[in-house]
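Please look through the sequence and the model shown below before reading on.

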Amino acid sequence: MKSNVNMIAITVKYFGTFSGLTGKSDEQIKLPDKTTINDLIKNLSQRYRGEFQKRLEENRGYKGVVFARNGIQSDKEAVLEHGDEVVISFPVGGG
């Protein structure tokens with residue numbers, strides 16, 4: 001039986017700690033149409049669990065973790081579109 005759910009493909013890039021925890025620098029993920037960044041966070045938390053989930057969700061509300069969609073820091077309610085690139089990292093400080 002065919003599903004009526006349209007799917008999108010996005011690229012997730014992991015920087016720093018997140019790359020180490022996933023063992024990947026990036027990956028392609030297929031998700032249902034109208035998926036938000038918050039939905040993606042839940043998906044990745046279930047996929048990688050453990051320390052990845054802890055780091056992603058620590059301090060409640062994912063504070064301290066940066067999510068950039070197509071190079072721009074994004075609200076977690078932003079709806080993803082086919083071909084988007086989402087970067088997950090901790091903020092980078094400079095001085």
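Strands here are DSSP runs of E with at least two residues, numbered from the N terminus, and two strands are said to pair if DSSP finds at least two bridges between them.

Strand β3 (residues 66-69) also pairs with β5, but in the antiparallel sense, over 4 bridges, and there the bridge partner of A68 is V87 in β5. Strand β5 itself (residues 85-89) is mostly covered, since 4 of its 5 residues are buried, where buried means under 20% relative accessible area, with a 1.4 Å probe and protein chains only.

## The surroundings of E27

E27 has its place in strand β2 (residues 26-32), and this residue is buried, with a relative accessible area of 10%. Not counting residues up to four places away in sequence, E27 touches I10, T11, V12, Y14, L44, R47 and Y48, where contact means heavy atoms within 4.5 Å.

The side chain of E27 is joined to that of R47 by a polar contact of 3.3 Å, and to that of Y48 by a polar contact of 2.7 Å. A polar contact is a pair of N or O atoms within 3.5 Å; within protein, one must be able to donate a hydrogen and the other to accept it, and residues adjacent in sequence count only if both atoms are side-chain atoms.

## About the model

This is a predicted model, in which local features need pLDDT of at least 70 and side-chain atom pairs count only at pLDDT 80 or more, while totals for chains, interfaces and linings use all residues. Residues are numbered from 1 along each chain as its sequence is written, and side-chain values use heavy atoms, with hydrogens and water left out.

Methods
Buried < 20%, exposed > 50% of the residue type's maximum accessible area, 1.4 Å probe, protein only.
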